[in-house]
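This briefing covers charged contacts, aromatic contacts and one surface patch. The sequence and structure come first.

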Amino acid sequence: AGYPESVEKKGVRTFWKMRKAAEQRSFIKRRDERFKVSMRLSYLRDNAADPEPEDAMTIDVSAGGLAIYLNEYPDVGEALQIQMPAIRLQGERHELPEQLGIVCWIRKAPKGSLYRNVCGLQFRYADDLERETVKEYVGYVRAKYKI
């Protein structure tokens with residue numbers, strides 16, 4: 001296990017010179033399962049000059065947060081008000097109240113994407129009841145899209 005440090009060329013062959021990883025990494029298992037699903041949503045930045053909601057598209061969803069495509073470039077640590085779409089399942093409408101999401105990371109979207117950036121959000125809950133509501137909503141999403 002290591003990191004590619006440089007590329008060496010010997011004749012027609014190319015080799016990676018590897019640097020051995022010295023650190024011991026501990027991997028943390030996620031609390032909630034993520035589901036890859038594309039849904040349109042809207043969000044509102046806390047420090048926006050005009051309070052006009054922007055469009056975004058989900059990449060994956062879990063009860064702990066989500067990854068989205070968006071056009072703006074929010075700062076890491078910035079709060080976004082997320083409005084998830086209503087889900088219709090077996091004739092019933094399931095809606096989620098507006099959620100507070102904190103930006104954990106942001107990157108440029110791959111070429112050819114409809115959006116400019118990719119962003120990871122972590123939900124902030126007021127209490128355990130709100131967390132359970134989001135968990136139920138994610139269960140409805142899973143059932144609707146048969147994930």
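E72 is partly exposed, because its relative accessible area of 22% is not under the 20% that defines buried. The model is predicted. By the rule used here, five salt bridges are counted, and E72 takes part in one of them, with R45.

- The side chains of R45 and E72 form a salt bridge with an N to O distance of 3.0 Å.
- E78 is buried, with a relative accessible area of 9%.
- Through shared partners, the salt bridges join R45, E72 and E78 into one network.

**The D32 and R131 salt bridge**
- D32 forms a salt bridge with R131, and their closest N and O atoms are 2.8 Å apart.
- The two residues are 99 residues apart: D32 is in the loop between β2 and β3 (35-36), and R131 is in helix α1 (residues 128-144).
- D32 counts as buried at 11% relative accessibility, and R131 is buried at 8%.

**Aromatic pairs**
- The structure holds two aromatic pairs.
- In one, the ring centres of Y69 and Y115 are 6.4 Å apart and the planes lie at 5°, so the pair is stacked.
- Y69 is in strand β6 and Y115 in the loop between β10 (99-108) and β11 (117-124), which puts the partners 46 residues apart.
- Y69 is partly exposed at 24% relative accessible area, whereas Y115 is buried at 11%.
- The rings of F123 and Y125 have centres 6.2 Å apart and planes at 55°, so that pair is tilted.
- F123 counts as buried at 5% relative accessibility, while Y125 is partly exposed at 22%.

**Charges over rings**
- R107 lies over the face of W105, 4.3 Å from the ring centre.
- K144 has its charged end over the ring of Y145, at 6.0 Å from the centre.

**Nonpolar surface patch**
- V7, W16 and M18 make a nonpolar surface patch of about 370 Å².
- M18 is in strand β2 (residues 13-20).
- M18 is partly exposed, with a relative accessible area of 45%.

Methods
Residues are numbered from 1 along each chain as its sequence is written. This is a predicted model: local features need pLDDT of at least 70, side-chain atom pairs count only at pLDDT 80 or more; totals for chains, interfaces and linings use all residues. Side-chain values use heavy atoms; hydrogens and water are left out. Patches are made of residues with over 30% relative accessible area and no salt bridge: like charges are joined within 9 Å, nonpolar side chains (Val, Leu, Ile, Met, Phe, Trp, Tyr) within 5 Å. Accessible areas come from the Shrake-Rupley method with a 1.4 Å probe; for residues, only the protein chains shown count as cover. A salt bridge is a side-chain nitrogen of Lys or Arg within 4 Å of a carboxyl oxygen of Asp or Glu. Helices (H or I, at least four residues) and strands (E, at least two) are DSSP runs, numbered from the N terminus. Buried means under 20% relative accessible area, exposed over 50%, partly exposed in between (1.4 Å probe, protein chains only). Rings of Phe, Tyr and Trp (its six-membered ring) pair if their centres lie within 6.5 Å; planes under 30 degrees apart count as stacked, over 60 as edge-to-face and the rest as tilted. A charge sits over a ring if NZ of Lys or CZ of Arg is within 6 Å of the ring centre and within 35 degrees of the ring normal.
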